[in-house]
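Please read each point with the structure open.

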Amino acid sequence: LYDNFEDTAASKANWSFAEEFQLDTAAGQADDPGTTHEGQFMIGTDITGNDGLYENNIGGGGFGGGSANPDYAISPAFSVKDSGFQKVELKFYRWMNIQDSTKDEALIDVSIDDGSTWTTVWINPGTDLRETEWSYQTIDITDAVGDTATHVRIRFGIDKTDGTTNYGGWNIDEVLVVGYTCLEPTNLDARYITETGARLEWELPTGEDSTNVVYGPAGFEAEDGTGTMIGVENDDRYIVNDLEPDTKYWFYAQMV
């Protein structure tokens, strides 16, 4: 799944919007952004309304009740069946302002049955979220998605607000869902650096024990054959001792 909302006709046909969630150009009202992250269009709550703020007194408890109905945007359906994905992530750019979750509640939900039931994968923090720039968000949705569903959907929503302060709410651009057939090493680092050597380190995903490591001068591409590749088994570190002094290096790690 990928949508940057620039094909507005397709996005409006494929996404479902309720109440004040909309697809439009950035209007810069209240604490909302004056520009999208990229391109001309984005989605969000009350982007071009009278004040740019989400409603007070939206009813909670699973998108129901209250004097105002919840705001939400539901993505097109996609399939993970027979994909072989070991990890699935939701990625998007966000500019968000909302009270803490005890007062106003924003959610990201995942459905694997075309929207009949939902699993919450993110909720706003217990302190006010006040953003003044676009930030890149990555949410692991592997457990919620599973590996057999044919009609997965993502829902961004505000399902509960109190009667006090209200802010600009959601602003979202460049939504991407990506699946990985190979798990990624994490927390890559280099320690004990000398003029000609260093200890390269990384963290292995649970159950994995074999890693390809490629290193070379900064700017090299891991796939073009210019770096030095070594295979590491049953370890999460490797000592290199053939580096050139006063040279910046990069290294990559890949599960095998």
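Predicted model: local features only at pLDDT ≥ 70, side-chain atom pairs only at ≥ 80, totals over all residues.

1. Leaving aside neighbours within four places in sequence, Arg153 is in contact (heavy atoms within 4.5 Å) with Asn14, Ile74, Ser75, Pro76, Ala77, Asp109, Val110, Ser111, Asp114, Gly115 and Trp118. Arg153 belongs to strand β12, residues 153-160; helices (H or I, at least four residues) and strands (E, at least two) are DSSP runs numbered from the N terminus. With a relative accessible area of 19%, Arg153 is buried, where buried means under 20%, exposed over 50% and partly exposed in between, with a 1.4 Å probe and protein chains only.

2. Residues are numbered from 1 along each chain as its sequence is written, and side-chain values use heavy atoms, with hydrogens and water left out.

3. Which side chain makes a polar contact with the side chain of Arg153? It is that of Asp114, at 2.7 Å. A polar contact is a pair of N or O atoms within 3.5 Å; within protein, one must be able to donate a hydrogen and the other to accept it, and residues adjacent in sequence count only if both atoms are side-chain atoms. A polar atom of the Arg153 side chain also lies 2.9 Å from the backbone oxygen of Ser75.

4. Asp114 itself sits in the loop between β8 (105-111) and β9 (119-123) and counts as partly exposed, at 37% relative accessibility. Its phi is positive, about 65°, although Asp114 is not a glycine. Most residues other than glycine have a negative phi. Glu19, in the loop between β2 (16-18) and β3 (21-25), likewise has a positive phi, of about 55°.

5. Strand β12 also holds Asp159, which counts as buried at 2% relative accessibility. The C-alpha atoms of Asp159 and Gly84 are separated by 34 Å, and the two residues are 75 apart along the chain.

6. The largest pocket has a volume of about 230 Å³. A pocket is an open set of points on a 1 Å grid over the protein atoms alone where a 1.4 Å probe fits, with protein on both sides within 12 Å along at least five of seven lines; lining residues have an atom within 4 Å of a point. Of its 17 lining residues, Ala190, Ala198, Leu243, Thr247 and Tyr249 lie nearest the centre. The lining divides into eleven nonpolar, two polar and four charged residues; Ala, Val, Leu, Ile, Met, Phe, Trp, Tyr, Cys and Pro count as nonpolar, Asp, Glu, Lys and Arg as charged, and the others, Gly among them, as polar. Strand β19 gives the most to this lining, with three residues.

7. The second largest pocket has a volume of about 190 Å³. Its lining includes Asn212, Glu221, Met229 and Tyr252, and β19 again gives the most, with three residues.

8. For the chain as a whole, there are two helices and 19 strands. Of its 256 residues, 45% count as buried. Among contacts between residues at least 6 apart in sequence, 73% join residues at least 24 apart.

Terms used:
Points joined across faces, edges and corners; volume = space filled by probe spheres on them.
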